[in-house]
Amino acid sequence: MMRVLASCLFVVCCVQSATISVSPSPYNVEVGQSFTVDVGIDSVADLYACQFDLAFDPGLLSASAIAEGAFLGLGGPTFFLAGTIDNVDGLILSTADSLEGPVSGVTGTGVLASATFTALAPGTTSIEIANTFLIDSQSDFIYATTGDGTINVVATPEPVSVGLLLLALASLAAFGTVSSWTHGGQF
Amino acid sequence: MLSIRGAALWAVFAACTVPSPLCIASDFENVPVKRAKRMYSFLFAIRRLAGSVFLSLLCCAMHAQQFDITPPTLSNLQFAPTALDTTTASMSITLTATATDDLSGTAYAYVEFQSPGQQALTAYLYPVGTFVPNQPQALQGTLNFSPYNEAGNWTVTYAEVVDNVGNWKYYPSTDPLLSGLLPLNLTSLSDTVPPVLKSFEIVSPQPPIDVSAGAATILVNVEVTDSGSGAYSAPSVDMSNSFVDTSVSPAQYRSQYRSPVQYDVLNFDTVPSGSSVKYTRVMWQLTFVMPQYSMQGNWIVGGAIYDQVGNYAAIPSTTLAITDSNQDVTPPTLTAISIPYYATQQDPARVTVTALFSDAHPYSAGNYSIGCSPYVEFASQHGQYRSAGFSQIGDSQEWTATVGFPQYSEGNSWMPTVAFCDNIGNGTYLTLSNGLPAGTPAPILFLPGSTPVLIKDPTQPIDVEQPNLGADARLQISAGTSIVDSQGNIIVPSVADPLSVTIDTYSPPPANYSGANTANSLYMSIDFSQNGTTVQAPKVQCVPGSSTYKGGTITVPLRSPLNALSPPPGTWNLYHQDVASNQFVVDNDCWDVPAQPAVGTLNPDGMSVTFQHIASFSVFFTGLRTTPLGDINADGKVDCTDVGIVKAAFGTKSGQAAFDSRADVNGDGVINIQDLAYVMQHLPAGLTCH
């Protein structure tokens, strides 16, 4: 009986294991667009410190910055290391964040860090999370699944197309005005 | 009986802190493969593989080792042919035998033949083929007879067989193995006449020789003739001096000895002998060095000369007067020695001995060295011997020797002997009963893979000791507290289904781990199994503040005993292997609120440290910290300087320029969040470094 009870509680616990993931995903951006994705943590318990790397296709994206998220700060002062951006190999290495002092870790869901990229060329790339370490306040490892992000970079519309689009919009606007006027004429 | 509340508390505690296959969802396996991903997967796999290999090694070490104290046996000894004619050229006989050994395997055997005039020749036989325990193995060897060996019947006088750990069995000529052998009948030119000493002269310098101001080089000429096999065998000549020193109490026997440092042939005569020549006369010149501070007085010079087949004649002794106003007749003294108390059987096991010597001679004090191959030797109870020479550590007076014990060496205590001398040759030979300091350990060589202890009654406390180390490697769990596996299942022993507990110890961990001194530590594992199945990632129930669930008490051994009355300063920490990461992490006192590292107590015998309230069980070792946890620059406090050191080296690996070993607090060769978090967690409350 006790074995059954313990086993059940165990399973319940582990089904709710933490997940670290990139969001939003999938994310559609245009060439030349600067955009930000979050590295979030979901359903974590007693998180004291974390470290991860991000890998992306350097032919499609260029990383420009990575900033601390708000989640770990819920537990008190933090020490954030942005890590190293390598746009040649498509890596952001050794991003880390830690609480300071003998405090409990943070439990729940939130954003660990935000990374800013610029889209370089059309195509689809994943932003992969790797080399992940999550550590609790007892120095034990926290196990987590990872969820990579997918970025779809689409071509920026060409100038001619833009002109045509503007013309179409202008026409649409004019039609709309008439329509409104017609509507208004009914009163 | 565990209450429902207790079970629930424990289950949540255990399940959420113990990794399991359910909990370990890989970071990598379920994502698309890309270049960077492959790199990370590879590194991750290497890390896992390293952990697996480590565990496998421990596993193999636990089950593959045994002690061998039984010598091999020899049978079917034969040789052929049984008659030789060497009147025109040397000829050989071939010897064969079979040997059977249980564990380490036969190393060699040897057989002595003796002529009617007692010339002796020894044949060595070596194994051929592959050794299989307890199965006969063929041995083979040859023995060469020269034209001048004595003619007649050569009989086998004895044989001996030796295994790879030094167990040996002696067979006298009366043993059935040898008594049935026919003699070897040799026809030869038969030289039984010893060589002749034509002259023996101390050429220079002329005695008395004064070495008060420096060493003297002494040349000795020895002229030898031989009409039989020839005189081209170096003469054996030595010089020695001794006296009973009554100036000390008790009186001491003092002796010094010199042997040649060089042999030269000045001139010779030869005659044709077959396709070669025979040396009918040889003038040898032997060079001796008599160093400054040598014993003064009349040295005895003597020895023997030999021909090519071992016939010999004595050199009549003469005396050589040495004067030295500064003679040194006192051997150095052993001022300290460190011998590990334990060694674990491996292939090979190694015991490192460190010794400190000093020399009281006023003319060599502060400028001496130990000059005559000091060594340490260990003898087992069944007559196995292992030895190694000391090497000086730099220019210090400290010397170290590492003795190897091959696989299957005998268990139990090995008695040490330390022999050393100074540059002049004043020597000392110390044993446990004669001169080694009181308390010098005789290291125990023991096996991993100890006999498990079976726990059958769940209502009784668990108290298990490692068979060889006794209370110095021990697990105690109070009644009512249970062991739980990685799934959270409580292990319930019974008579029909007992819980098997095995305590093993292994080789030393790194000498410095996470800032703690672990030079005197040993790995120790505690393993549980039931029904032949190992309990994975076992924990002992521990609920902070509970009057029932207080974890276990474990005692981990030290390599060498410490003085418990004057213990070294510092705090004893316990490290256990995290089963998921394969990293060793500091064990917390599981009963404390808030959690703090468990602090151990040095036991009165100085041979082990005991920790209470330990919940996680795998592989342990202890370390002595003299600085606060997290104080990686050892300035006595944990502050932002320590954090800065980790930050500066963050992300680096051993071998890279920015790598700082101080920041690698877990000693894994990589500075990452584990190291940073470790320092962060030990910052004083309220101190921020961001």
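Reader: Which residues is B:Tyr575 in contact with, leaving aside its neighbours within four places in sequence?
Author: They are B:Tyr513, B:Phe584, B:Val585, B:Val586, B:Asp587, B:Phe620, B:Phe621 and B:Gly623. Each is called a contact because its C-beta atom, placed from the backbone, lies within 7 Å of that of the partner residue. This is a predicted model, in which local features need pLDDT of at least 70 and side-chain atom pairs count only at pLDDT 80 or more, while totals for chains, interfaces and linings use all residues. Residues are numbered from 1 along each chain as its sequence is written, with chains lettered from A and ligands numbered from 1 in the order in which they are written.

Reader: What makes a set of residues a nonpolar core?
Author: The members must be buried Ala, Val, Leu, Ile, Met, Phe, Trp, Tyr or Cys residues, joined through C-beta atoms within 7 Å. Buried means that 20 or more other C-beta atoms lie within 10 Å of the residue's own; 12 or fewer is exposed, and partly exposed is in between. The largest such core has 74 residues, and B:Leu475, B:Met524, B:Tyr575 and B:Phe620 have the most contacts inside it. Strand E21 (residues 349-358) of chain B gives the largest share, 5 residues.

Reader: Why is this core said to lie between domain 3 and domain 4 of chain B?
Author: Domain 3 (333-446) and domain 4 (453-625) both give residues to the core, so it lies between them. The domain bounds come from an automatic or database domain assignment. A second, separate core has 57 residues, including A:Val44 and B:Val638.

Reader: What makes E24(B) and E25(B) a pair?
Author: Strands pair if DSSP finds at least two bridges between them. E24(B) and strand E25 (residues 398-405) have 2 bridges, in the antiparallel sense, so they meet the cut-off. One bridge joins B:Ser391 to B:Thr400 of E25(B). Strands are DSSP runs of E, at least two residues long, and helices are runs of H or I of at least four; both are numbered from the N terminus.

Reader: Why do strands E19 and E24 of chain B stand at the edges?
Author: The open sheet of 4 strands has the order E19-E21-E25-E24 in chain B, with antiparallel pairing. E19 (333-338) and E24 (391-392) each have a single partner strand, so one side of each is left without a neighbour in the sheet.

Reader: What is the mean pLDDT of chain B?
Author: The mean is 84, where pLDDT is the predictor's confidence in each residue, from 0 to 100. In chain B, 87% of residues reach 70 or more. Over residues 1-65 of chain B, however, pLDDT is below 50.

Definitions and conventions
Two residues are in contact if their C-beta atoms, placed from the backbone, lie within 7 Å.
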